[in-house]
Structures are given as structure tokens and as C-alpha cells.
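Hi everyone, thanks for making time. Let me put the structure up, and then I'll walk you through a few spots.

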Amino acid sequence: MKYRLKPMRDQVMVITGAGSGIGAATARLAARRGARVVLAGRGEEALAKVAAEIGREGGQAVVVKADVGVEEDHERILAQAVSSFGRVDTWVNNAGVSIYGTLEQVPIADQRKLFETDYWGVVYGSMAAVRHMKTAGGGAIINVGSEVSDRAVPLQGAYSAAKHAVKGYTDALRMELQQEGTPISVTLIKPASMATSYTAHARNYMDVQPDLPPPVYAPEVAAQAIVHAAEHPVRDLYVGGASSAIAAFGQSMPGLADRMAGWLVRHQRGRQPAGQSADSLYDPGGEPAAPAAVHGRRSVYTQLAMHGRTTLVTGAVLVGGATLWALRGRR
């Protein structure tokens, strides 16, 4: 299958969840490289701020207030993109939210709501994009999964399940389009921990504030991977070497990975008592800044991954991590 993806300067890109984090970083980067961007999400004020910033830098952006968990809202996103810019070349399904707490603690209603956003939002967006791109000559669909698309973690069980579902859906959609000969590239992006307001936007059932397991990467690293996939057909991309290592470790040594659950629990439980912060599970949250102490790192691994040079790096990280864990267990 040959894909003819346009250079970023000639693209129209739809980005859901564009008011903060990875979505906002992607919008800024794509606009700087010449793309016209359609910013979708529930928080109109946050979207407007990103659009205004893009406009001040000479870029073009339009805002669509939409809930990705509502199928009809995707038709409004598409209609606005076509009305403003004539078409859509790349559709990025990025919107998502998480819940912290054990699966016994988290009400079923909350888990269903998470799936409406994190899974069904991807399905609805992908179908809107496919229908449009089949008549427009092709394009790229980019779904933002997670490192937990491959390896579940405790305390975020519903989120892990949704991201597993996103991976399965993305893989199946890719194969079906390939079998049809449809020139639509389908990519899954798998970020590790990101220095965004992710934990502040998550619903929390723990007695302490949630935290992110290290290492924590800058959202611009994920934005670079997304923009790369919009121009170069690629099956999937891990954002951060930790994401690739966790997936490889979990798949090759699942029993040992299960025994690391205690480490994952400790590093998701922060030091501050749980507060009354407003999450964004049901309603758009504000845009709290990432904690001052968290400065996202860059990723040499991801830069190499975008050029297909990561096999040896992944192997070294996997072997090194397993060795360290085994030595730690003997102490």
C-alpha cells in the first residue's frame, strides 16, 4: 500500500483534546510548520487560548466546542474543518481522561464514562475521518494510546482497559483499510508519562494526590511523533524509551512484570493528601499547570524511532531493566 501524505505546510489537521497537554503541543507544532489546525474539545476557553497563540505566531486555527463521547459532535468537527479549510488531511484522536483508584473503588458509571471518551471518542472520530478521507483521496488517522495500551497498571485499571481497546481497534481498522486498498495511514501513538495536567484532570479515589511514574517526558516529544506520523506512514510509535521498554518487558516477562506492581502503586501515589480538585471526567476541567517540580525530558529513543533505528536500544533497555530488577530482588 502506497500512501501519499502531504507535507505539513499543505495539511489540514483535526486535533481532539486540543486545549491542553499533548493536543495543545501538537496544534502549536503543526501550525508552526504551516498546517491549518482545527482544535476540538469541551473547554472552549482553553481552546481559544491555544488558537489565539497560534494566530499571534502567524498560523491558522479554528475552534470547535465538542464532546468526543458524543457521536454527532464529530460530524460538527468535520463540517467546521471542511467549511473553514476545505478538507481534512490528518485526524488526531487525542482526547482522554483517567481515573485513579482500584477497580473495586471506581464506580461502574465512572468507568463507562471514561470509555465514552477514551475509547468511543476514538471510534467516532476514526469513522468520521474514514468517511471523509475515502472521498478525499486518503490521509492519516492518528490515535493516541498509551504505554498502558500494551501493559496494564494498577490504580488505573479502567484507563488501561480503554487504552488496550484503542490499540485493538486501531490495529483492526488499519488491517481492514489495507485489505480494501484504501490509502489511509493509521498510526497508534503510545506515550509514557507526560509532563501535562493529566493527573489534575483525572478523577481520584485515592487518599492522596495522584502522581506519575518516572521518567516523565515533555508533551512536545509526543507532538513531534504525531506530526511525524502525519507526514510519514508508520504503524505505531512509542513516545519515550520507557514506554517501549515497559511494553517489551511486560510481553517477554509478564510474571516478573506483575511482581513490579508494588513499584507502580508507590509511584502513582503522591505525597500530598487528596484534595477537592475539579476533574474533567464529566465536565471540562480548568487548565492547571503541571507541577513546578516536573520538567518533562526529551527522548533520544523517540527521535531514533522516527527513523526506524530503535531495535538495539529497546533490547538494551529491556535487558538492563530486567537485570537491575533481579539484582534488587536479591538484596
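First, the naming: helices are DSSP runs of H or I with at least four residues, strands are runs of E with at least two, and both are numbered from the N terminus. This is a predicted model, where local features need pLDDT of at least 70 and side-chain atom pairs count only at pLDDT 80 or more, while totals for chains, interfaces and linings use all residues. Residues are numbered from 1 along each chain as its sequence is written, and side-chain values use heavy atoms, with hydrogens and water left out.

Let's start with α4. After this helix comes Gly 137, with a positive phi near 95°. The helix itself covers residues 108–136, and a kink of about 40° is centred on Trp 120; the bend there is the angle between axes fitted to the seven residues ending at a residue and the seven starting there.

Next, Ser 98, in the loop between β4 (90–93) and β5 (99–100). Is Ser 98 buried or exposed? Buried, at a relative accessible area of 1%; the cut-offs are under 20% for buried, over 50% for exposed and partly exposed in between, using a 1.4 Å probe and protein chains only. Among the residues Ser 98 touches, beyond four places in sequence, are Leu 114, Tyr 159 and Arg 203, where contact means heavy atoms within 4.5 Å.

Finally, the packing. The largest nonpolar core has 42 residues, and Met 13, Val 37 and Leu 39 have the most contacts inside it. Such a core is a set of buried Ala, Val, Leu, Ile, Met, Phe, Trp, Tyr and Cys residues joined through side-chain atoms within 4.5 Å.

Terms used: The expected span of a helix is 1.5 Å times one less than its number of residues.
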